[in-house]
Amino acid sequence: MQENLSLYHIFYTVGRTGNISQAAKELFISQPAISKSIQKLEENLGTTLFTRNSRGVTMTADGEALFEKVREAFSILSEGEDLILHNRYRNIPRLRIGASSTLSKYVLLSHLKSYVASHPEVRINISCQSTYQTLKLLDQGKIDIGLIGRPKNLHGYHFRPLLRISDTFVATTRYLKNQQELYPGESLFHTAAFMMLDEENISRQSVNSELKEHQIELSHILEVTSMDLLIEFAQISLGIACVIREFVEQELEQGILVEVPMGMKFSSREIGFVCRKKEEHNPLLQHFFV
């Protein structure tokens with residue numbers, strides 16, 4: 001059987017592809033070499049494994065029976081390789097981080113850069129979802145640390161504040177000018193398209209609460225899935241976008257966008273890293289909590 005091992009690999013590839021030409025491409029050997037190997041295996045086994053046809057080759061009854069056993073054998077070998085790889089990597093430290101796509105881009109990225117430089121041996125996994133979902137994954141032990149807006153209830157959590165952020169509404173001067181020309185004397189609250197994140201987003205909920213407190217009602221709301229899209233849509237004069245002011249400072253400084261007066265000032269909120277209380281002394285997390 002030992003002399004047939006390499007022949008079985010060729011046989012398996014031909015049987016799987018059903019085509020000698022395709023098998024030759026996958027194995028990087030010539031078609032004549034493929035045919036010769038199949039012929040050799042057939043001679044060793046004293047049977048015919050394939051019949052040729054216009055579309056390629058078809059396995060005989062003996063060929064199909066052998067193919068099933070060979071496939072099982074290669075599957076077991078593959079499982080053995082996976083086991084070895086798993087054993088090799090199981091002792092490598094792993095850090096699982098959860099954050100929204102917005103916070104990942106505007107806040108987490110800079111912290112990860114220094115973390116990777118000082119912890120090159122750590123494998124990092126990042127999952128992007130809302131603050132509520134991040135806390136849920138943290139409770140379930142599916143992530144080790146989260147970057148979130150400060151929750152109302154910190155019981156069972158260790159939270160390190162990083163910065164304060166505040167909401168604002170922005171637009172291009174062109175959009176605001178067009179609104180004045182189209183609806184002279186009319187309030188923007190009634191005429192403009194206000195672009196906001198969806199209702200499940202914690203930023204949107206905070207803005208809704210403060211607008212309601214000041215008795216401000218927006219007639220036309222367009223929901224957008226991400227902060228980046230809100231900023232980009234505002235830049236092409238699609239409407240007035242509700243964004244995090246700290247994330248559009250460059251656009252405001254360059255005059256690409258301007259803040260739209262809402263007759264009120266939004267409260268600031270804290271952003272920070274959070275982990276389960278029992279994990280606060282985990283060496284892999286210390287970089288984020290010092």
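## Helix 1 against helix 3

In this predicted model, helix 1 passes helix 3 in a left-handed crossing. Leu7, Tyr8, Ile10, Phe11 and Val14 make the contact from helix 1, and they meet Ile34, Ser37, Ile38, Lys40, Leu41, Asn44 and Leu45 of helix 3. Sorted by class, the contact of helix 1 with helix 3 holds nine nonpolar, two polar and one charged residues.

Now for the geometry. Two packed helices are described by the angle between their axes and the distance between the axes. Helix 1 spans residues 5–17 and helix 3 spans residues 31–45; their axes come within 9 Å and cross at roughly 115°. Helix 1 and helix 3 are therefore roughly perpendicular to each other.

## Helix 2 against helix 3

Helix 3 has another partner to look at: helix 2, residues 20–27, whose axis comes within 9 Å of that of helix 3 and crosses it at roughly 105°. Helix 2 and helix 3 are therefore roughly perpendicular to each other as well. On the helix 2 side, the contact is made by Ile20, Ser21, Ala23, Ala24 and Leu27, and on the helix 3 side by Gln31, Ile34 and Ser35. These residues divide into five nonpolar, three polar and no charged.

Let us move on to helix 6, residues 131–139, where Thr131, Thr134, Leu135, Leu137 and Leu138 are buried. Viewed down the helix axis, the buried residues of helix 6 fall within an arc of 160°, so they line one face of the helix. An α-helix has 3.6 residues a turn, so residues three or four places apart point the same way. On the other side of helix 6, you will find Lys136 and Asp139 exposed.

What do the buried residues of helix 6 pack against? Their partners are strand 3 (94–99), strand 4 (123–128), strand 5 (145–149), strand 6 (157–171), helix 9 (202–213) and strand 11 (268–276). After helix 6 comes Gly141, with a positive phi near 75°.

Most residues other than glycine have a negative phi, and most peptide bonds are trans. Gln215 is not a glycine, yet its phi is positive, at about 55°. Gln215 sits in the loop between helix 9 and strand 8 (220–224), and at 72% relative accessibility it counts as exposed.

Ser237 also has a positive phi, near 65°, and is a residue other than glycine. Look for Ser237 in the loop between helix 10 (227–235) and strand 9 (240–244). With a relative accessible area of 15%, Ser237 is buried.

Met262 lies in the loop between strand 10 (258–259) and strand 11, and its relative accessible area of 6% makes it buried. Leaving out residues up to four places away in sequence, Met262 touches Phe169, Phe189, Phe194, Leu211, Ile216 and Leu218. Met262 and Leu41 are 221 residues apart in sequence and 82 Å apart in space, taken C-alpha to C-alpha.

Glu280 belongs to the segment after strand 11. Is Glu280 buried or exposed? Glu280 counts as buried, at 17% relative accessibility. Not counting residues up to four places away in sequence, Glu280 touches His158, Cys275 and Gln286.

Technical notes: Residues numbered from 1 in each chain as written. Predicted model: local features only at pLDDT ≥ 70, side-chain atom pairs only at ≥ 80, totals over all residues. Heavy atoms only, no water. Buried < 20%, exposed > 50% of the residue type's maximum accessible area, 1.4 Å probe, protein only. Helix = DSSP H or I, 4+ residues; strand = E, 2+ residues; numbered from the N terminus. Arc of directions from axis to C-beta. Contact = heavy atoms within 4.5 Å. Axes fitted to C-alpha atoms, helices over the stretch in contact; angles between N-to-C directions. Parallel < 35°, antiparallel > 145°, perpendicular 65-115°, else oblique. Left-handed = near helix turned anticlockwise from the far one by under 90°. Nonpolar A, V, L, I, M, F, W, Y, C, P; charged D, E, K, R; others polar.
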